[in-house]
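Colleague: Could you walk me through this structure, one step at a time?

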Amino acid sequence: MAQELSEKELLKMEVEQLRKEVKNPRSPISKTGKEIKDYVEAEAGNDPLLKGIPEDKNPFKEKAGCTLS
């Protein structure tokens, strides 16, 4: 689709996108980084990758071993 547009049309679309992006509220990383860290630490207890999955609730555990006869 972008190949069908002229250079002027592409530049116009880019300017429109940049106008939309400039309206987005921005926060300093010093503030948002702390918020993300606090959230991750608060939710760590609920994360199955960190605390593991109980064997009885693990849908991926092997049902039975393989035997050769």
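Here are a few questions, each with its answer.

Modeller: A word on the source: this is a predicted model, where local features need pLDDT of at least 70, side-chain atom pairs count only at pLDDT 80 or more, and totals for chains, interfaces and linings use all residues. Residues are numbered from 1 along each chain as its sequence is written, and side-chain values use heavy atoms, with hydrogens and water left out.

Colleague: Which pattern does the protein follow along the sequence?

Modeller: Helices (H or I, at least four residues) and strands (E, at least two) are DSSP runs, numbered from the N terminus. The protein has 3 helices and 0 strands. Read along the sequence, the pattern is α-α-α.

Colleague: What radius of gyration does the protein have?

Modeller: The radius is taken over C-alpha atoms, and the globule rule is 2.2 Å times the number of residues to the power 0.38. For 69 residues, a compact globule would be near 11 Å, but the protein has 25 Å.

Colleague: Which residue meets Asp 38 in a salt bridge?

Modeller: A salt bridge needs a side-chain nitrogen of Lys or Arg within 4 Å of a carboxyl oxygen of Asp or Glu. At 2.9 Å, N to O, the partner is Lys 34.
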